[in-house]
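Hello,

Here is the model I promised to pass on to you. Please have a look at it first, and then read my notes below.

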Amino acid sequence: MIKVNIHITLKEGVLDPQGKAIEGSLNTLGYQGVEDVRVGKFIEMTFSDSEQVTEQVEQMCQKLLANPVIENYSYTIEEGVVQ
Amino acid sequence: MKFAVIVFPGSNCDRDMYYAAKDALGAEAEFVWYQNSSLEGYDAILLPGGFSYGDYLRCGAIASTSEIVKSLHREADRGTPILGVCNGFQILLESGLLPGALLRNKALKFLCHHENLVVRNNQTLFTSEYEKGQMISIPIAHGEGNYFCDPTTLAQLKANNQIVFTYQNNPNGSVEDIAGIVNEKGNVLGMMPHPERATEAILGSEDGLNLFKSMLVNWRESYVTNA
């Protein structure tokens, strides 16, 4: 079993009003030192077949999981994960 | 003239589009389910608003992988007029038929009211019945209508006169007040405001009707030219 963790984040310069709202809430809770809160996505999946996992994940990110106009992506691949 | 109204799971303005084309304009219109692979035989294609696939992942992202979007690419290449409104605009962007992306509204609120739009380009097959600079009142209804593109794309949009509609009072944070854009070829228009909801006086505005009229007039002209 191969486990893949994908992180999708907004590109620098892309407005993140949700992050701003969370930042405001954290400040209200007394966390005054918090800055630059950005919200992203975390997607996890498993592969039963170890063939060409990296290539497939790369394509998935480009074709669907991330929008290259506004988002960056990164991923980690863990081999031999037992569930 | 025969319009196709594509229906995705979660479309909710499909009937508004259908009635705008059929009743308000008096043309033919048919619903086309998103699993159909063919768009043959239609003179124009309408992508309605709504929440296809519950806006999962990103608005319009899942819909953009459906079978019918391949046909949409073929029709776009062929020059068939394609209008995407609201979620339809989001699907056009996610499909790569138009440049840019739509982000959450700047103030995070779902906005639902009439906005004044300025017709920036009336030299398109969608806007020829308007005057350049004309102000029109069209309803908006969206949570993610904040148009974004990089500076290079924006420069191209300007250079090619692809910005068709702008907001008079930008409600959502869109760059350059952009409310609607066309592709370079001019046959694919995407816009967040809903012209199909402004086609009869009883709806509060008839300002959207000229968009559909423009499509009809230009189709007739192309028909005469090609005959």
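A:Thr54 is partly exposed, because its relative accessible area is 40% (buried means under 20% relative accessible area, exposed over 50%, partly exposed in between, with a 1.4 Å probe and protein chains only). This threonine, A:Thr54, sits in helix α2 of chain A; helices (H or I, at least four residues) and strands (E, at least two) are DSSP runs, numbered from the N terminus. Not counting residues up to four places away in sequence, A:Thr54 touches A:Tyr75 and A:Ile77, where contact means heavy atoms within 4.5 Å. Its C-alpha atom is 35 Å from that of A:Val34, 20 residues apart along the chain.

Before going on, the conventions: this is a predicted model, in which local features need pLDDT of at least 70 and side-chain atom pairs count only at pLDDT 80 or more, while totals for chains, interfaces and linings use all residues. Residues are numbered from 1 along each chain as its sequence is written, chains are lettered from A and ligands numbered from 1 in the order in which they are written, and side-chain values use heavy atoms, with hydrogens and water left out.

Now to the interface. Chain A puts 15 residues in contact with 14 residues of chain B. Between them the two chains bury about 1200 Å², 72% of it on carbon and sulfur atoms; buried area is the accessible area (1.4 Å probe) that two parts lose on being put together, summed over both. On the chain A side, the residues that lose the most area to chain B are A:Leu15, A:Pro17 and A:Leu64, together 38% of what that side buries.

The rule finds four residue pairs in polar contact across this interface, both residues at pLDDT 80 or more. A polar contact is a pair of N or O atoms within 3.5 Å; within protein, one must be able to donate a hydrogen and the other to accept it, and residues adjacent in sequence count only if both atoms are side-chain atoms. In chain A, the elements giving two or more residues to the side that touches chain B are α1 (17-28), β2 (41-47) and α2 (53-65). Of these, α1(A) gives the most, with three residues.

Which side chains meet in a salt bridge between the chains? They are those of B:Arg58 and A:Glu71, at 3.6 Å, N to O. A salt bridge is a side-chain nitrogen of Lys or Arg within 4 Å of a carboxyl oxygen of Asp or Glu, and the rule finds one across the interface. B:Arg58 also meets B:Glu94 in a salt bridge, at 2.8 Å, N to O. That pair links distant parts of the chain, 36 residues apart: B:Glu94 is in helix α3 of chain B, and B:Arg58 in the loop between β3 (44-47) and α2 (67-78) of chain B. B:Arg58 counts as buried because its relative accessible area is 8%. Salt bridges that share partners join A:Lys41, A:Glu71, B:Arg58 and B:Glu94 into one network.

Over all chains, the count comes to 10 salt bridges. Another one joins A:Lys20 and A:Glu23, with the closest N and O atoms 4.0 Å apart. These two, A:Lys20 and A:Glu23, are three residues apart in helix α1 of chain A, so about one helical turn separates them. A:Lys20 is exposed, at a relative accessible area of 53%, whereas A:Glu23 is buried, at 13% relative accessibility.

Turning to chain B, helix α3 (residues 87-94) is mostly covered, with seven of its eight residues buried. Just after α3(B), B:Gly96 takes a positive phi of about 80°.

B:Tyr147 lies in strand β8 (residues 146-148) of chain B and counts as buried, at 1% relative accessibility. Leaving aside neighbours within four places in sequence, the contacts of B:Tyr147 include B:Phe89, B:Leu93 and B:Ile178.

B:Thr127 is in the loop between β6 (111-119) and β7 (135-142) of chain B, and is buried, with a relative accessible area of 0%. A polar atom of the B:Thr127 side chain lies 2.7 Å from the backbone oxygen of B:Asn121. Leaving aside neighbours within four places in sequence, B:Thr127 is also in contact with residues including B:Val164, B:Phe165 and B:Ser214.

Best wishes
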